[in-house]
Structure formats: structure tokens, C-alpha cells
Amino acid sequence: KQLLDRFNDSTPRPYQRRIALFGMGGVGKTQTALEYVYINRASYNRIYWITAVDQASLLSGYQKIARTTGLKNLSQLSPVETAETVLSWLSQQQSWLLVIDNLDDINVVSSQSLDAVNVGGKFLPPTGPHQHTLITTRNPHAVGIPAEGMEVPLLDPEESINLLSALSNIGITSNSFQREQAHQIVNQLGYLPLGIEQAAAYV
């Protein structure tokens, strides 16, 4: 809901409609992005998901977009040129969502090219009223990406216990011995969703 409101907010501000979900590893950034995609998929004509663990992955993602969309005359282009072609093409499309997952290093989206397509020389698309970019990152300095930062926080104790209960298929009622055990488990795990998921699988 907060993501949708932020994307649709027309108030002018830096990096408008480019949002970076940030938080520690295992907190649920990718799952949050995935849930946003599923809930709002009817709002976009096109949705693309690429991984940015390194620049090779990012460029490969743009190459896949180029093939999927049927962009022509790509065989002679380098990966960088293909990415720039895709970014130019996206700027002409009216409605799309691009998810860039695991962009932890700003250098991944840095480009030696100063082509006007790349805002600030970055491998990031332009944005508009229905042109949205959603980034996930462990980098708390989201402005350096550049994008609007939105933190994905840790779960609170009650949410953590509920998650453990749901994933382990153990009904944990209030004031029960199991609830006290569950509280000790989630506390030891630092209320981290990934850790709770793994603990529930073990249980």
C-alpha cells in the first residue's frame, strides 16, 4: 500500500517513481517486491524483473528484455549498447514496472557512457506517471543509487510469532507454553523473516 501510494504520488521530488526498498539481508525485500508485482500486475502493461548482483547480470537482464520485446538489429550490439537500446525503448512505452533485484553496489548501474538515455550515466530507466522502477538493496544509502529509499523493517515480536506459527503449522495460542518457546526462538533469530522461515521448516 505504501509503495503504491508513493508511486502514484504526483508531488514533485527527486527520483520520483524510482523506489529502493532497503534493509538487511533476509528481511523480506524481494518478497515485498514480488507481492507488489502480484497485487498490482493489472496496473501495468509490461512488467520486467532483472537481477543486479553484478553488472553482467544486469546487462544480461536487459538483453533478455530486448529479446522478449522483439527489439530488432541487436545481433551486432554489445551488451552495453543493448542495455542503452532497451532504456531508450522503455522511455517511449507508456506503462511498465521494472524490478531491479539485489542492487547492493552502485557501481553495477554505473556506465562509462554519458548517453542522454542514462540518467546521470546510470543503467537505470527514466520514470514517468506510469513508468515505475522498484529496486531492492541492502545498501541503506538508497539516494546514492539514485532512488527514493523505503526501509523494510524487521518484524515486531508479535508478527514474528505469528509467522513462525503459520509456517510451522503449529497453533500457538496466547498464554501458552508454546508461545513462550516461540518468543524465545524469534528473539534468538533477531525477528528476521528468513531466519524464522528456516526455523519453521526445521520444526
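In what sense do strand 3 and strand 4 pair, and over how many bridges? Strand 3 (residues 96-101) pairs with strand 4 in the parallel sense, over 5 bridges, where strands are DSSP runs of E with at least two residues, helices are runs of H or I with at least four, both numbered from the N terminus, and pairing requires at least two DSSP bridges between two strands. The model is a predicted one, in which local features need pLDDT of at least 70 and side-chain atom pairs count only at pLDDT 80 or more, while totals for chains, interfaces and linings use all residues. Residues are numbered from 1 along each chain as its sequence is written, and side-chain values use heavy atoms, with hydrogens and water left out.

Within this pairing, Leu 97 stands opposite His 132 of strand 4. Helix 2 (residues 29-40) packs on the sheet and touches strand 1 (18-22), strand 2, strand 3 and strand 4, contact meaning heavy atoms within 4.5 Å. The direction of helix 2 makes about 160° with that of strand 4, axes being lines fitted to C-alpha atoms, for helices over the stretch in contact, with angles from 0 to 180 degrees between N-to-C directions. Helix 3 (residues 55-69) likewise packs on the sheet, where it touches strand 2 and strand 3, and its direction makes about 150° with that of strand 2.

Asn 139 lies in the loop between strand 4 (131-137) and strand 5 (148-151). Asn 139 counts as buried because its relative accessibility is 18%, the limit being under 20% relative accessible area, with exposed over 50% and partly exposed in between (1.4 Å probe, protein chains only). Trp 49, in strand 2 (residues 46-51), is partly exposed at 34%.
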